[in-house]
Amino acid sequence: MIEVMDEPKSTTPMPTPVREPLRRVGPPPSGEQPALLIEHATKRFIVGRKKKAVVAVNDVTMSIRRGEIYGILGANGSGKSTLIRLVSTLLTLDGGRVEVLGQDIVRDEMAVKQLINRVSVDAAFFKKLSPHENLAYAARLYGLDAKRARVEAIAIMARLGIGEKRLSRPVEQMSRGMQQKVAIARALLTSPTVLLLDEPTTGLDPRSKLDVQTFIEEVRDTHDATILLTTHDLDEAERLCDRIALLNDGRVVAEGTPAELMSLVNRDYGKEPTLESVFMTFTGKSLDDDLDDDKNDDDE
Ligand SMILES: Nc1ncnc2c1ncn2[C@@H]1O[C@H](COP(=O)(O)OP(=O)(O)OP(=O)(O)O)[C@@H](O)[C@H]1O
Ligand SMILES: [Mg+2]
């Protein structure tokens, strides 16, 4: 739920109401360091002998506050995964810059790597390993104490309803929902400030989808994490995301809270606003048209 940040515009003093702590939603106010700052990020791919490059990410700018869940919505090929890979330092920028808590991802790459973690459940390597092996691998990769990591891993898995017996079998034998949770749990071992989730719920049945969404909210609340996620699912974006950017052909065509985005369309058409109509308006496409994506995410 998004809290309204405006104070009442009354001039008479009112007793201070007891309210929940405000979630830090929206662009960071001036002076506050964003958890993630992306400025004019650009990435081109030149494929085959074609001279003309594909501009997968085209002059993308966004500033994300600590504690936000920020969603990137876009059709197939709109540049979502490329943007995630750029931020995770898996790809290099052709233009622009990215900062994580003020650290530049090129200049301070090692420091940034300690602050971010990317989850891609489709990595084949990840699936061949058991949850235990996965977590041990992650612990080694990040130089964590193996014993402590194991204890923590068991605790995280128990919270996800994965008993110790399941921890030694390959992840590929688990349901996709469970696999996704193990992937996120693995990323959590390093207590990342910024967690990058590329389509965390694609291909899940409704029940598992809900489970993973709830888990993502829990991660945000209990790990003080900032989460950048991509999705094809408008309902998911509306439920989970504090703010959303719509990506079309590598460009951000609209950005705001779900309510802000819907109010834009309402004003234009005078119709009941939905994120679907927002998406149609800004991209000229329907998200339902292109869910049959073939993935090639084996890049870990
Ligand atoms: N390694 C690569 N080499 C060449 N072209 C690439 C590469 N990765 C992505 N592209 C191209 O960049 C564009 C954006 O791709 P990207 O995978 O970022 O889209 P996406 O929004 O994640 O799509 P999807 O919803 O299918 O996951 C596409 O035109 C794609 O073909
Ligand atoms: Mg993708």
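Visitor: Which residues come nearest to ligand 1?
Guide: Of the 13 residues around ligand 1, the nearest are Phe-45, Ala-56, Lys-80, Ser-81 and Thr-82. Keep in mind that this is a predicted model.

Visitor: Which elements give two or more residues to that shell?
Guide: Those are strand S2 (54–64) and helix H1 (80–87). The largest share comes from H1, with three residues.

Visitor: And how many of the shell residues are nonpolar, polar or charged?
Guide: The shell around ligand 1 has seven polar residues, four nonpolar ones and two charged ones.

Visitor: You mentioned S2. In what order do the strands of its open sheet come?
Guide: The order is S2-S1-S4-S5, four strands with antiparallel pairing. S2 and S5 are the edge strands, each pairing on one side only.

Visitor: How many bridges join S1 to S4?
Guide: Five bridges join strand S1 (residues 36–45) to strand S4 (residues 95–100), and the two run antiparallel. To see one of these pairs, look at Leu-37, whose bridge partner in S4 is Glu-99.

Visitor: What about S4 and S5, how many bridges there?
Guide: Two bridges, again in the antiparallel sense, with S5 covering residues 103–104. Val-100 has Gln-103 as its bridge partner in S5, and Glu-99 has Asp-104. The hairpin of S4 and S5 has two residues between the strands, and Leu-101 takes a positive phi near 45 degrees there.

Visitor: Let's change topic to the inside. Which residues have the most contacts in the largest nonpolar core?
Guide: That core has 66 residues, and Val-87, Leu-196, Ile-227 and Leu-228 have the most contacts inside it. Helix H6 (residues 176–188) gives the largest share of the core, seven residues.

Visitor: What is Val-87 in contact with, leaving aside its neighbours within four places in sequence?
Guide: Val-87 is in contact with Leu-36, Ile-38, Val-98, Ile-116, Leu-196 and Leu-228. Across the protein chain, take the contacts between residues at least 6 apart in sequence: 70% of them join residues at least 24 apart.

Visitor: Back to H6, then. How many of its residues are buried?
Guide: Twelve of the 13, so H6 is mostly covered; here a residue counts as buried if 20 or more other C-beta atoms lie within 10 Å of its own. Among the buried residues are Gly-177, Gln-180, Lys-181 and Arg-186.

Visitor: How far does H6 reach from its first C-alpha to its last?
Guide: H6 reaches 18 Å, close to the 18 Å expected for its 13 residues at 1.5 Å a residue.

Visitor: Which residue takes a positive phi just after H5?
Guide: Gly-161 does, with a phi of about 80 degrees.

How values were computed:
Residues are numbered from 1 along each chain as its sequence is written. Chains are lettered from A and ligands numbered from 1 in the order in which they are written. This is a predicted model: local features need pLDDT of at least 70, side-chain atom pairs count only at pLDDT 80 or more; totals for chains, interfaces and linings use all residues. Two strands pair if DSSP finds at least two bridges between them. A nonpolar core is a set of buried Ala, Val, Leu, Ile, Met, Phe, Trp, Tyr and Cys residues joined through C-beta atoms within 7 Å. Two residues are in contact if their C-beta atoms, placed from the backbone, lie within 7 Å. A residue is near a molecule or strand if its C-beta atom, placed from the backbone, lies within 6 Å of it. Ala, Val, Leu, Ile, Met, Phe, Trp, Tyr, Cys and Pro count as nonpolar, Asp, Glu, Lys and Arg as charged, and the others, Gly among them, as polar. The expected span of a helix is 1.5 Å times one less than its number of residues.
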